[in-house]
Amino acid sequence: VDHTLLPVMIVHEVSRQSIGRPWVTFAIDVFSRVILGMYLTLDAPSAMSAGMCISHAVLGKEKWLAGLDLKTVEWPCWGVMGSLHMDNAREFRGNMLKAACDEYNIDLLLRPVKTPHYGAHIERLMGTVSERLKHLPGATFSGPEEKGEYDSEGKATMSHAELEKWLVLFVAWYHKHLHSGIGTTPLQRWREGLLGTKSRPGRGLPARRLDEEKVRIDFMPFEERTVQDYGVVIDDIHYFHDVLRPWVNMPDPEHPKRKMSFRFRRDPRDVSRLYFLDPIGKRYVAIPYRDLGLPPASIWELRAAKKIARDEGRTSSDERGLFAIINQQRAIEDDSAEKTKAARRSQQKRLDHEKARKRKAIDLPGVSAPNPTGPAPKIGNYDPADVQPYEDEY
């Protein structure tokens with residue numbers, strides 16, 4: 001698994017003006033050279049990028065392809081891998097990947113420092129993708145000499161969504177194209193590895209994960225917090241739901257003098273809710289803002305607002321104040337979108353994050369709409385004021 005900054009400019013989906021180059025994360029199977037998963041984003045590489053790519057590799061692609069209106073594209077790759085090979089980038093050394101790999105019995109193997117030959121397979125794939133992208137409008141090529149006087153920004157035509165579709169079609173072409181390193185096509189080699197050949201038994205078809213929602217959430221970054229009577233606080237934002245009540249000030253069974261910590265997972269593109277694995281129900285529950293009047297926002301917008309608040313000498317614990325800054329920043333970006341590429345890029349990020357929030361109704365149906373917090377339901381014909389004690393017969 002690795003990331004790369006694609007050598008092509010993309011455009012804002014509304015104004016069709018250049019917003020710069022996107023990042024892509026790929027996962028490749030070393031044996032067959034099949035591309036198992038990918039994740040395209042305008043955000044810099046992070047643990048979330050890696051997690052999204054790996055969960056995409058583990059799960060079937062049919063519903064995702066249908067959502068892209070590419071139902072006829074063949075991408076028959078799924079299943080939990082035995083090991084993950086990555087370089088020593090910070091996003092690959094975090095607690096999220098370690099915990100997720102432990103959960104799914106995956107060996108996490110980080111590439112030894114200063115040994116680039118260990119990443120030759122993924123590097124060759126990145127080179128192949130880059131070479132194909134040079135034929136697209138808006139390509140930046142390999143450097144100034146190759147680019148010449150070509151106006152990459154002025155020639156750019158593809159939006160984020162359109163480039164994602166192009167990449168999927170590239171994957172379909174790549175899988176059926178002869179690969180000189182293995183002497184056959186990646187898809188044929190993949191099938192041989194699973195089903196076997198006359199001289200070599202296959203490993204068998206991998207099991208399909210039916211718990212797609214859990215897989216996606218398990219590969220999200222998390223924070224560990226104790227549960228207080230007011231709920232949970234992460235990045236100065238309060239979250240609360242009734243499901244947390246049994247765990248308020250729960251002592252740690254291994255250290256009775258300490259409070260028990262729980263993992264709260266969060267999608268950086270939408271910090272309006274946390275995902276809490278209920279120890280009783282053994283399922284994820286969405287924990288919304290305590291103040292339900294606050295708007296959805298990304299972690300990057302929140303961090304920018306906190307920096308502005310600190311620079312102005314204001315407290316970063318004022319939730320309403322922080323989100324007022326976020327709304328002001330959004331208004332400035334919208335006004336500047338016609339003038340600056342940075343503003344257009346920020347605006348497009350917001351659009352992409354909003355699309356990701358809307359997709360949760362499909363990808364995370366069980367937690368996409370948190371049950372509202374409220375008082376316990378009333379029991380018919382029951383009045384607690386009318387309760388009488390038993391008479392003592394003795």
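How many cavities of 30 Å³ or more does the structure hold? The structure holds 1 such cavity, where a cavity is a set of points on a 1 Å grid over the protein atoms alone at which a 1.4 Å probe fits but cannot get out, and lining residues have an atom within 4 Å of a point. This is a predicted model, in which local features need pLDDT of at least 70 and side-chain atom pairs count only at pLDDT 80 or more, while totals for chains, interfaces and linings use all residues. Residues are numbered from 1 along each chain as its sequence is written, and side-chain values use heavy atoms, with hydrogens and water left out.

**Cavity and pocket**

The residues that line the largest cavity are Tyr39, Thr41, Asp43, Ser46, Met48, Ser49, Arg269 and Trp300. Two or more of the lining residues come from each of β5 (35–41) and α1 (47–58), helices (H or I, at least four residues) and strands (E, at least two) being DSSP runs numbered from the N terminus.

The largest pocket, a pocket being an open set with protein on both sides within 12 Å along at least five of seven lines, is lined by 31 residues, and Trp64, Glu164, Arg269, Ala356 and Arg359 lie nearest its centre. β5, α1, α2 (62–67), α7 and α12 (341–363) each give two or more residues to this lining, and the largest share, 8 residues, comes from α12.

| Space | Volume | Lining by class |
|---|---|---|
| Largest cavity | about 40 Å³ | 3 nonpolar, 3 polar and 2 charged residues |
| Largest pocket | about 870 Å³ | 12 nonpolar, 7 polar and 12 charged residues |

A volume here is the space filled by probe spheres set on the grid points, which are joined across faces, edges and corners. Ala, Val, Leu, Ile, Met, Phe, Trp, Tyr, Cys and Pro count as nonpolar, Asp, Glu, Lys and Arg as charged, and the others, Gly among them, as polar.

β1 pairs with β4 (residues 23–28) in the antiparallel sense over 4 bridges, and Val24 in β4 is the bridge partner of Thr4.

Technical notes: Two strands pair if DSSP finds at least two bridges between them.
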